[in-house]
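Open the model in your viewer and keep the selection panel at hand. The stops below go one selection at a time.

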Amino acid sequence: MFFLNHIWIIPLLPALGAALMFFFGRKLSKSAVSFFCVGLVVVAFVFSCLTVLQYTGWAAAHNHQPFEKIVYTWLGSDTSNLGYLTHSGRAADFHVDAGFLLDPLSAIWLLFVTGVGMLIHIYSIGYMAHEGGYYRFFGYMNLFMFTMLTLVLGNNYVMLFVGWEGVGLCSYLLIGFYFLKKSATNAANKAFIVNRIGDAGFLLGMFTIAWYLGSFRFTQITEVARSGRLSTGDPTITLACLLLFVGACGKSAQVPLYVWLPDAMEGPTPVSALIHAATMVTAGVYMVARSNALFVLAPEAMKTVAIIGAVTAIFAASIGLVQNDIKRVLAYSTVSQLGYMFLALGVGAFAAGVFHVFTHAFFKALLFLGAGSVIHALSSEQDMRHMGALVHKIPTTFKTMLIATLAIAGIFPFAGFFSKDEILWQAWSADNGAYRALWYIGYATAFMTAFYMFRLMYLTFWSPSRVEHEVEHHIHESPKSMTIPLIVLAFFSLFAGFLGWPHSLKGSNRFEKFLEPVFAREATQFDKSGKEAQLAAAKKEEEHANPTEYFLMILSLGAAFAGWGLAKRSYGKAAEGYTEPIAATAPPAYRVLYNKWYVDEAYDYLFTGRRKLGPVRLGAMGAGEAAWAVDANFVDGGVNGAGWTTRALAKLSVWWDTWIIDGLLVNGIAYSTRPLSWLTRMIQWGLVQWYALVMVAGILGFVLYYIFR
Amino acid sequence: MPQNYVPIFIFIAVVAILIPLTLGIAKLVRPEKPEKAKLMPYECGVDPIGDSRQRYTVRFYIVAILFVIFDVETIFLFPWAVLYKALAWFGFIEMMIFLTILIVGYVWVWKKGALEWI
Amino acid sequence: MIQAVDYIRVLPEIVLTLFGVAIMMVEGALPPRASRKPLGWLAFVGTLAALAATVYQAGYPGMAFFGMVRVDSFSIFFHFLIAFIAALVVLSSFEYLDAQQIRGGEYYGLILFGAVGMVLMSSAVELVLIFIALEISSISTYVLAGFRRRAPSSIESSIKYFLLGSFATAFFLYGVALIFGATGSTRIYMIAETIQGGKHSAMVFTAVALMFVGIGFKIAAAPFHVWTPDVYEGAPAPVVGLMSTAPKAAAFAVLLRIFFAAATPGWFWPVWISAALSMTLGNISALVQDNVKRLLAYSSIAHAGYLLVAFAAARDIGISAAMFYTAAYALMNVGAFAVVSHFASAGERYVTLEDYAGLGRRSPVLAATLTIFLLSLIGIPITGGFFAKFYVFSAALKSNLVWLVIIAVVNSAIAAYYYLRIIVLMYMRDAREPAPTVQNVSAPLGVALALTVAATIYLGVLPGRVLDYASRGAALLVR
């Protein structure tokens, strides 16, 4: 029980590293920095593994309850000093603990956050070796690990929010790591501001929940939600869930708040891998999954989640088809895969969504790290038009990236196949096929994914070389510290999917079984309410395989291979000056996709107001201009009036100064003209008798008050 | 309530009458032979020459303060002396503690040289 | 009759007195040229012993000495706080006395004697005893204020403090006399019974007003705050750290007992007015100060105002909020003055705001420490100052003191300006030439600063435990 009882140590380990870097980082050598920062994350990983191991033992003995460890009361007090009134008029304590929650859901996040985080830290030793601000980088990374673990392990919404904001801050700091680059700082600001919009939604959702249910704590909220006292479709719950989902949209880059993630690629590549692919962006998924008990009470919110997820998936994939920057392709692919996850959550297949988060963490981190390795080899070249024929020059990178590509494309038996197929099957079958339209979207996305991923592979590795001449000489395989994480991640990209081997293929889907205590219980509640029971029951896998399921499986494998084949035909021989097939067949479509559906421009017109819509400026800057106009025309009148009053007062002050102060109290008053100081100077002129007199005046005042009251 | 003040009024009346009376009688009875030394105001034995607002050595004040402290000490001793039997050992020990603290102060003053003139 | 447990209930006082007396004796025995450091350590051990005595004493709550002293969670809270402050001040004085070339072991003895008075103030429940305790603490601080004997400003400070202090305590005594006349007792709990039973004569009200004057002087609440800037400016910086915190805490304890335990009537509006006046006068005057010690003096007036806001609030939560505020304020202020005393150097040369320019570059750790204290004084989250203000304001809001809270919040905003000014100076201005030299921080001062920073952050991160203790004390106080 030691590890379980000391679970709070896990986030503190990287926090210690961050604190060390903050205070002493500048004075430490690079090797010392890597020793502390990477070492602490390794320790955190080992600690997490042991903790989860202990949890499984503990849970078996305790009816698979979540484990909660409350360290101390963080906000509020034990004596009901602070409270608020809930929706029902009952007084509730404002009480938030610094408490930690470990259940299968947070255990999964805990393991892959520390595990993938550890690998990326190791990778960064090599990748960042020649960069300035080495200690700063690792300090931020450790700070990120701390906040991410707080987010995952917190036992209430407020702790989750602290982590949520913390990872946002770290993401901001790391995107803007090269702060001398204008584009990097712009991207950092964009990420932060867009995330704030989401955060506002999250905060409101959180307060709505607290107001409605009287608690911030997950276990209590889940208990109330599953007690059956609340009706399905309760409008307040729906509102709260939608607000929470707005937050998830911001953090997990869903339409319409996804715009910051592609730009976030300005940060160093390990950052993209860790924060903007594997861990932080899945926080939204985590939060929705964590709130599953509430979401199942709000079918409308679930529907919204599913639709937004599907739309995001295909929308981002379509943009990814034509991008040329290797990291940008991966960024859009991330957005698209996150869409898949939300699609799964939305159709009620929480376990499938979480499973995809899990597998995605490995292969997407691997893809980013591989891309980083490619960029490293090509002396910071990121444009795929200037790559090609790297297959023999950086073989390890190639092999590992190929595995990741096969995984993301969903080719049997790589990890992505299992998770993606599960999602598609759920989209097909959930709620008796009510979401079947979304299956078509998901299916099309699967095809697109295979296409753009193999496009990336062909352009980078197999097609004839388009590398610039002076770069060509320097191409080299990355150091061991970078390739070993790649190999480890490749191993997981290959085998992690086996954990969720579906029943239909004679497996046992241990992953879903593991998560059952978190998600399954609502099924009991749904048994009472008839039709909706399907929503949750769909997740309850039928023991006998459905022939449709095999058919769909083969269909999606077909899509993956079709995408591969198409990519091979189009880019297999892409020499210097090759043409994009889409540009060749449909130039307008290509332009739209290449310009990312003009979303950034639209936002500039509508929301930021950086561009004018005709003579009118809308959005934030428009509001600024409007405010300025009001200011100039109305407020300034008031200001001038105030100015006039001030001048009159100043005249008075001159008079007072000359005649009363200087005239009467020559030595008492010094030089300042700041009118506020009169008061002080009137009282405080140093003469002890005068002080006594002031006190006497006070006494007289008080005594008179009492006598004549 | 007012009747409680009667003794005070009597006391004031007595003072108001008695002092002029005694001074008056003395004036009538005593022989008057004024000379310079007799008419000089008494100022602790120092020649009263010059402005009275001159600077004194600070030692006067130190001695005066010390005197006051040990004078006040005796005030505390009186009630104890009156109730000596009733307070018994408890009173005795308490008073010894009190005196010890004062004696510590006295020793300190002595050691610091505050009792040395010059 | 008197029993052994009675002595346990005044154990911290006894311990502090013994150590104080021992220091005075050793001081007399030491040759004049010898270092006085050992005396300081003796005093430090004394404060630690007093802390231990307080903890021990907590197991023996109850009345002692014919109902003149009362040990309960309330007084334990203040005992602990005062002894802790005294320990911190002793720690931060070693280096200061060296730098100022003050060689007087009495300094440490006086700190202990002062602490005796303050500790007694918080546990006494009899007005004459409270008065005596008040005098014990006051006289020690009068002398301490004048300890930089060669500096005229220090002498001025001492004399002013003494004159006005005796003036104010005289009023307190007068108030005690009147309340005795009105109720026939000087025991707080007996006064409470009489007052709750009968109707209130003008005499009781006047007595409350007069006692408020005496205490108001100690806590520097307007309009009895006038002495503060002059005295703080001249007194030695660590002493200011002491007298801006510990006697205030003790005086607040007395005020809480008089208002709430004795259930005296009619204090609401005077406290309201005094709170509003203190905050406003304190903060506005602080805006124009150039001298850091004066600035902190006005800030301490303002903080007395915030504290009185808690008094004006309802009993149950107001008292605990006030207690929490006292603790948080004391710790951050002692810390701030410890930094100021270190930076002041020989003869307290560097005490103007100018001198703090560029401190962030020259001495980053010291500047960061001071920044933490200033942020806490502003009331920024994760510092004790934040929760202190938060609890006080929420207590006041619960009692519907909307206007007072508005005044307080506006004042907090004003206050942020002058605290931030110091931070801005430290980090964003270059030092003037030649830059004031900053000595290395000695180990005891370092320990004191580390303790205060840790305590300030502790109260900001884990306020629950201290607040709970305060709530328990408050509950006992009103019964």
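Helices (H or I, at least four residues) and strands (E, at least two) are DSSP runs, numbered from the N terminus. This is a predicted model: local features need pLDDT of at least 70, side-chain atom pairs count only at pLDDT 80 or more, and totals for chains, interfaces and linings use all residues. Residues are numbered from 1 along each chain as its sequence is written, while chains are lettered from A and ligands numbered from 1 in the order in which they are written.

**Stop 1: a loop in chain A**

Select A:M387. It sits in the loop between α16 (350-377) and α17 (395-409) of chain A. Is A:M387 buried or exposed? A:M387 counts as buried because it has 25 C-beta neighbours inside 10 Å. The cut-offs: buried takes 20 or more other C-beta atoms within 10 Å of the residue's own, exposed 12 or fewer, partly exposed anything in between, with C-beta atoms placed from the backbone.

Now show what A:M387 touches. Contact means that the C-beta atoms of two residues, placed from the backbone, lie within 7 Å. Leaving aside neighbours within four places in sequence, the partners of A:M387 are A:L378, A:E381, A:L459, A:T460, A:R466 and A:V467.

**Stop 2: the end of α22**

Go to A:F519, in helix α22 (residues 510-519) of chain A. A:F519 is buried, because 23 other C-beta atoms lie within 10 Å.

**Stop 3: the nonpolar cores**

A nonpolar core is a set of buried Ala, Val, Leu, Ile, Met, Phe, Trp, Tyr and Cys residues joined through C-beta atoms within 7 Å. The largest has 222 residues, and A:L343 and A:A365 have the most contacts inside it. α16(A) supplies the largest share of this core, 18 residues. Centre on A:A365. Beyond residues up to four places away in sequence, it touches A:V116, A:I120, A:A273, A:A277, A:A278 and A:L489. Apart from this core lies another, of 207 residues, including C:A124, C:A275, C:I317 and C:Y329.

**Stop 4: chain A as a whole**

Colour chain A by secondary structure: 31 helices and 4 strands. Of its 709 residues, 51% are buried. Among chain A contacts between residues at least 6 apart in sequence, 79% join residues at least 24 apart.

**Stop 5: chain C**

Switch to chain C, with 21 helices and 2 strands. It has 479 residues, 63% of them buried. Zoom in on helix α8 (residues 188-197) of chain C. Which residues of this helix are buried? They are C:I188, C:I191 and C:A192. These cover an arc of only 105° around the axis, so they fall on the same side of α8(C). The arc is that of the directions from the helix axis to the C-beta atoms. The buried residues of α8(C) pack against α7 (152-183) and α12 (246-261) of chain C.

**Stop 6: where chains meet**

Show chains A and C together. Here 29 residues of chain A contact 34 residues of chain C. On the chain A side, β1 (67-75), α30 (677-683) and α31 (688-707) each give two or more residues. α31(A) gives the most, 13 residues.

Finish with chains B and C, where 7 residues of chain B meet 5 residues of chain C.
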